[in-house]
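Me: I would like to go through this structure term by term and ask what each label rests on. Please set the value against the cut-off each time.

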There are 2 protein chains.
Amino acid sequence: MKKMAKLAAVLMAAAFTTNTLAADITLKLAHTWPKGFPLFATSVDEYAKLVNEMSDGKIEILVDSRNKHKAAFGIFDFVKSGQYDIGQSASYYYGGKEPDALFFTTMPFGMTAIEQTAWFYEGGGLELANEVYAKHGMEVMLALNTGQQMGGWFRKEINSVADLKGLKMRIPGFGGKVMAKVGAVPTNLPPGELYQALERGTIDALEWVGPSLDLRMGFHKVAPYYYTGWHEPGAELMFFFNKKKIDSLPAWAQSVLRNAAKLTGYKASTQTFHASLENWATIKAEYPNVKVKDFPKEVIQALKKANAELIAEEAKRGGLTQRIVESQAAYLKKARAWTQIGDQSYLNNIAK
Amino acid sequence: MKKMAKLAAVLMAAAFTTNTLAADITLKLAHTWPKGFPLFATSVDEYAKLVNEMSDGKIEILVDSRNKHKAAFGIFDFVKSGQYDIGQSASYYYGGKEPDALFFTTMPFGMTAIEQTAWFYEGGGLELANEVYAKHGMEVMLALNTGQQMGGWFRKEINSVADLKGLKMRIPGFGGKVMAKVGAVPTNLPPGELYQALERGTIDALEWVGPSLDLRMGFHKVAPYYYTGWHEPGAELMFFFNKKKIDSLPAWAQSVLRNAAKLTGYKASTQTFHASLENWATIKAEYPNVKVKDFPKEVIQALKKANAELIAEEAKRGGLTQRIVESQAAYLKKARAWTQIGDQSYLNNIAK
């Protein structure tokens, strides 16, 4: 057997040297974003490259952006049906198809990026997500954490809860539900349509991400109030795998696909943090008229109350939903106690 | 050629199935820690396992702990000389061998974990570290970030700068230099000797890590004052590679070793954050007599002043040292501006 392995190694080396070995496995991936969209889409391109490198050319992933498949919010169905083998999108876009999908991107007043990442990997969060997605024949993995998202760009200043009544705002996920409960009119739009909607006043406000991705969208030109974040303290994008497909692959290929996804998830989060600080420096320097604001206390209290009521309502579904809600609440409590004597104490009392 | 590759693949598959293929490449790794030491050592064991998995059994890493090689702080020389191919330790332990090594673990009043990780990967920090280590025939990669470290365990309360005069404290790296400048007597001891030294009063205080690793050391039994952190806001362990050795390996093996190191660095940091929050919950519940304190403002101001003076002094070496100091200062400034309107604003004003 050893002899055979050596022969195999020699033949493999020869094959690779001449670089003519076609991929053994070809997989199709669809993501939500425009082609080449910074971070969200480029990190997927990097994933495909990493998988190819880590598999020594044996796995090729063909990436389709929304420019190709035309269905920004079709990723869940694409992967569930097997039309695509892999997807990348945000879980909370699919609350209409699977109510528990809402919990696995970020929660208002919830965990920060590091807290939530630890919950996913070490606190049972990813297992819960996969219990949910198994019902749809999928497996999910973390793909990119945006870090703290800003509360969004507003054409007018928000001074009270009354100012939110009837406010048309692009805000998806659980944050959108909370906004609706306090009287706003939330909507979701694909990224390509956001600027025009805000400029024309089709919407009065929007949240997109934060400095990392907001700068290039140009929102600051049409909406000068930039509110700090409350609703997405660490939004996680997800890789979606068709479970039957990935489980049918040889063990080495599964290992490459999963390990490369993990590394991409981490790497893309670091890149996004970097883009945030670079772009925030640019915004401050080049657009001094941007007004950074915290929402008034009254508004935060109203949002917090609406959020707690909505979560309690969801938890009433019991079973898996209740376990998710309880797991998040328990982890948040423990994680925040550590954050408080760790980073928060340092930032507030020591390093300032 | 395609035929040959297919034959090779068949033979490889046969060889792997029977699991009798010996590793093609065997590498020796030495780390600073006792065998099985949580996180710091176990993450290295996980690295070896990951490399073996990602290389389909073709790379085996033999891990020696300090129990075997007996030289906790000998990693730099081991890898430089080629006695070991890979090492894992903290860069700042080797300031005596390479003064610029001090800058690549953590700096007092410096960047938090996420800020520094972004500096290393996206802000040029790792390139600077590798400029330094290239002079010693090594390449370094991130291995584990401890997150915010606590200021340490003290047998007596610290009420003024005067209380630091003559205080014998285990505190390595740049933090130790700062402590010396304000009158304390810093020392470094291997982890296995810390508890006894503190119990017997050979030292009056020590900093080790934070809840993640302090709990099992038992320090709370002999020193009830637990100070919040100032000196190690995000300490990074490093993998050290013998440059000649890693560069001599085939491209696929280099890729596995580097990608697995990157993934391990991230994964181990998440595991450490999780251990911190779990152990902090345990300390609060089981040892209610532990007194968490911020250092008094006067003490922080004195430490900050000493730190700034020491960094300015180091920077006078010019050249690479100055570039490192300037790069860290510039990145810290930008990163902190983002942290302030991002996570800090959220923690202080919104989520509380």
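**Labels and their grounds**

Reply: The model is predicted. Among contacts in chain A between residues at least 6 apart in sequence, 78% join residues at least 24 apart.

Me: What does the secondary structure of chain A come to?

Reply: Chain A has 13 helices and 11 strands. Its radius of gyration is 22 Å, close to the 20 Å that the globule rule gives for 352 residues, so chain A is as compact as a globular protein of that length. Along the principal axes, the C-alpha atoms of chain A fill a box of roughly 75 × 45 × 45 Å. Of the 352 residues, 52% count as buried.

Me: Why is Ile324(A) called buried?

Reply: The label needs 20 or more other C-beta atoms within 10 Å. Ile324(A) has 23 C-beta neighbours inside 10 Å, so it counts as buried. This residue is found in helix H13 (residues 319-350) of chain A.

Me: Which residues is Ile324(A) in contact with, leaving aside its neighbours within four places in sequence?

Reply: They are Asp100(A), Phe103(A) and Leu128(A). Contact requires C-beta atoms within 7 Å. For Phe103(A), the C-alpha separation from Ile324(A) is 7.7 Å, although the two residues are 221 apart along the chain.

Me: What makes S7 and S11 of chain A stand at the edges of their sheet?

Reply: The open sheet has 6 strands in the order S7-S6-S8-S5-S9-S11 (chain A), with mixed pairing. Strand S7 (185-187) and strand S11 (291-293) each have a single partner strand, so one side of each is left without a neighbour in the sheet.

Me: How do you know that S9(A) and S11(A) pair?

Reply: Pairing takes at least two bridges between the strands. Strand S9 (residues 225-227) of chain A and S11(A) are joined over 3 bridges, in the parallel sense. Tyr226(A) stands opposite Val292(A) in S11(A).

Me: Why is H13(A) called roughly perpendicular to H11(B)?

Reply: Two packed helices are described by the angle between their axes and the distance between the axes. The axes of H13(A) and helix H11 (residues 251-286) of chain B come within 8 Å and cross at roughly 90 degrees. Angles of 65 to 115 degrees count as roughly perpendicular, and that makes H13(A) roughly perpendicular to H11(B). The residues of this contact divide into 6 nonpolar, 2 polar and 2 charged. Lys334(A), Ala335(A) and Trp338(A) are among them on the H13(A) side, and the H11(B) side includes Leu277(B), Glu278(B) and Trp280(B).

Me: What makes helix H5 of chain B largely enclosed by the rest of the structure?

Reply: In H5(B) (residues 113-122), 9 of the 10 residues are buried, so the helix is largely enclosed by the rest of the structure. Among the buried residues are Ile114(B), Trp119(B), Phe120(B) and Tyr121(B). H5(B) is followed by Gly124(B), whose phi is positive, near 90 degrees.

Me: How do you know that H11(A) and H5(B) are roughly perpendicular to each other?

Reply: The axes of helix H11 (residues 251-286) of chain A and H5(B) cross at roughly 95 degrees and come within 9 Å. Since 65 to 115 degrees is the range for roughly perpendicular, the two helices are therefore given that label. H11(A) contributes Thr270(A), Gln271(A), Phe273(A) and His274(A) to the contact, while H5(B) contributes Ile114(B), Thr117(B), Ala118(B), Tyr121(B) and Glu122(B). These residues divide into 4 nonpolar, 4 polar and 1 charged.

Terms used: Residues numbered from 1 in each chain as written. Chains lettered and ligands numbered in written order. Predicted model: local features only at pLDDT ≥ 70, side-chain atom pairs only at ≥ 80, totals over all residues. Helix = DSSP H or I, 4+ residues; strand = E, 2+ residues; numbered from the N terminus. Rg over C-alpha atoms; globule rule 2.2 N^0.38 Å. Buried ≥ 20, exposed ≤ 12 C-beta atoms within 10 Å, placed from the backbone. Contact = placed C-beta atoms within 7 Å. Axes fitted to C-alpha atoms, helices over the stretch in contact; angles between N-to-C directions. Parallel < 35°, antiparallel > 145°, perpendicular 65-115°, else oblique. Nonpolar A, V, L, I, M, F, W, Y, C, P; charged D, E, K, R; others polar.
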